[in-house]
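Please look over the sequence and structure before reading on.

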Amino acid sequence: MFKTYDVLTDRLLDGAALDRGEALDVLATPDEEVLHLVAAAGRLRRAHFGDTVKVNYLVNLRSGLCPEDCGYCSQRLGSTADILTYSWLPTADAVRQASAGIQGGASRVCLVASGRGPGDRDVERVAGIVDELRTEHPGVEVCACLGLLRDGQAERLREAGVDAYNHNLNTAESRYADICSTHTYDDRVDTVAKAQAAGLSPCSGLIVGMGETDDELVDALFALRELGSDSIPVNFLMPFDGTPLAGTWLLDPLRCLRILALARMVAPATEVRMAGGREQHLRSLQPLALHVVNSLFLGDYLTSEGQTAEQDLQMIADAGFTVLGAEPRAGSDAGSTAEQTAIRLRGAGTTQAPNA
Ligand code: SF4
């Protein structure tokens with residue numbers, strides 16, 4: 001057991017690696033000490049990323065209609081979740097959607113498609129989208145997330161100008177079969193390795209809140225460290241009606257902070273992203289999480305709506321952080337979108353219902 005979170009952080013800043021016992025202790029942090037944990041993880045975050053927040057933007061190129069059966073996914077085989085379903089977006093639409101995210105402050109666009117993995121024609125389709133996107137936005141980073149890759153596809157994506165490839169390990173190897181029967185944990189590791197070998201920056205993360213134990217969570221994060229993921233998105237399960245995990249609400253905001261702090265301490269210099277489900281699970285503690293993570297998705301997710309992009313950017317500014325790649329804010333109140341004070345016209349003295 002480490003003496004204090006600060007002692008632990010000092011050790012990690014000196015280059016030590018978090019061990020399993022320490023990781024389990026982090027997850028067991030009592031509620032009243034979570035702020036100390038956040039502060040300690042925040043020192044690592046600031047040491048490696050300063051006050052910047054990387055803003056990423058998702059474009060779902062193909063939604064739903066997937067033949068795989070990942071239990072957490074609203075796009076899975078047999079899902080009756082009431083989501084948008086469509087086949088590949090035309091290139092011009094995909095570029096238009098991506099451009100909106102870039103104009104909103106995103107420095108990375110994540111081009112995602114449902115399915116087991118792309119055919120070679122799909123890879124060419126994505127290559128065409130990347131080509132157009134690069135013409136309009138030469139400096140933007142592009143991440144592709146197209147499922148399991150076959151030999152040669154990662155190289156083609158790299159050649160087409162894709163910078164990164166996302167494929168999440170999602171959970172511990174020991175429980176992978178519980179969440180998916182149509183592909184394996186090893187399949188996923190193989191795709192991350194293919195991406196890495198082709199020179200794509202590997203982005204691989206987790207979905208938490210699926211009933212994993214602390215040991216399994218530590219296994220999953222240590223596996224990501226071992227794999228050399230450059231970017232770790234931490235998703236919080238959104239238990240869609242119409243999927244096997246519907247009604248699974250196992251997280252609370254303090255637990256989410258412990259998990260994010262653990263991710264930061266396992267991989268101090270790696271991009272850690274608070275990803276899907278942050279609004280529902282971190283709730284009012286999202287700004288605190290910014291002291292631990294250095295990355296988020298702007299606006300909406302693949303099949304669900306997030307808080308507005310404007311609220312995301314305001315949250316970043318209010319917490320004292322800056323969007324990576326954005327112009328520095330001019331003046332102390334720049335970026336403020338403070339709303340007019342609304343005059344109370346309900347409750348006492350009115351015939352309208354009170355706000356309670
Ligand atoms: S996570 Fe991907 S592969 Fe699994 S069901 Fe959803 S879209 Fe299909």
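Predicted model: local features only at pLDDT ≥ 70, side-chain atom pairs only at ≥ 80, totals over all residues.

Residues are numbered from 1 along each chain as its sequence is written.

- Ala, Val, Leu, Ile, Met, Phe, Trp, Tyr, Cys and Pro count as nonpolar; Asp, Glu, Lys and Arg count as charged; the others, Gly among them, count as polar.

**Record annotations**

- The unreviewed UniProt entry annotates Cys110, Cys143, Cys203 and Arg273 as "binding site". UniProt positions are in the numbering used here, feature names are shortened, and annotations may be inferred rather than shown by experiment.
- These four span 164 residues in sequence, yet no two of their C-alpha atoms are more than 14.1 Å apart, so they gather at one spot.
- Cys143 sits in strand 3 (residues 141-145). Strands (E, at least two residues) and helices (H or I, at least four) are DSSP runs, numbered from the N terminus.
- The unreviewed UniProt entry also gives "domain: Radical SAM core" for residues 51-278. That span is 36% helix and 18% strand, and its end C-alpha atoms lie 20 Å apart.

**Helix 1 with helix 3**

- Helix 1 (residues 5-13) packs on helix 3 (residues 34-49) at about 20 degrees, with the axes 9 Å apart. Axes are lines fitted to C-alpha atoms, for helices over the stretch in contact, and angles run from 0 to 180 degrees between N-to-C directions.
- The angle makes helix 1 roughly parallel to helix 3. Angles under 35 degrees count as roughly parallel, over 145 as roughly antiparallel, 65 to 115 as roughly perpendicular and the rest as oblique.
- Tyr5, Asp6, Leu8, Thr9, Leu12 and Leu13 of helix 1 meet His36, Leu37, Ala40, Arg43, Leu44 and Ala47 of helix 3. Contact requires C-beta atoms, placed from the backbone, within 7 Å.
- This contact of helix 1 with helix 3 has 8 nonpolar, 2 polar and 2 charged residues.

**Helix 9 and its partners**

- The axes of helix 2 (residues 20-27) and helix 9 (residues 214-227) come within 10 Å and cross at roughly 125 degrees. That makes helix 2 oblique to helix 9.
- Arg20, Ala23, Leu24 and Leu27 of helix 2 touch Asp214, Leu217 and Val218 of helix 9. The residues there are 5 nonpolar, no polar and 2 charged.
- Helix 9 and helix 10 (residues 253-266) cross at roughly 35 degrees, their axes coming within 10 Å.
- Leu217, Leu221, Phe222 and Arg225 of helix 9 contact Ile259, Leu262, Ala263 and Val266 of helix 10. By class, that contact has 7 nonpolar, no polar and 1 charged residues.

Definitions and conventions:
Contact = placed C-beta atoms within 7 Å.
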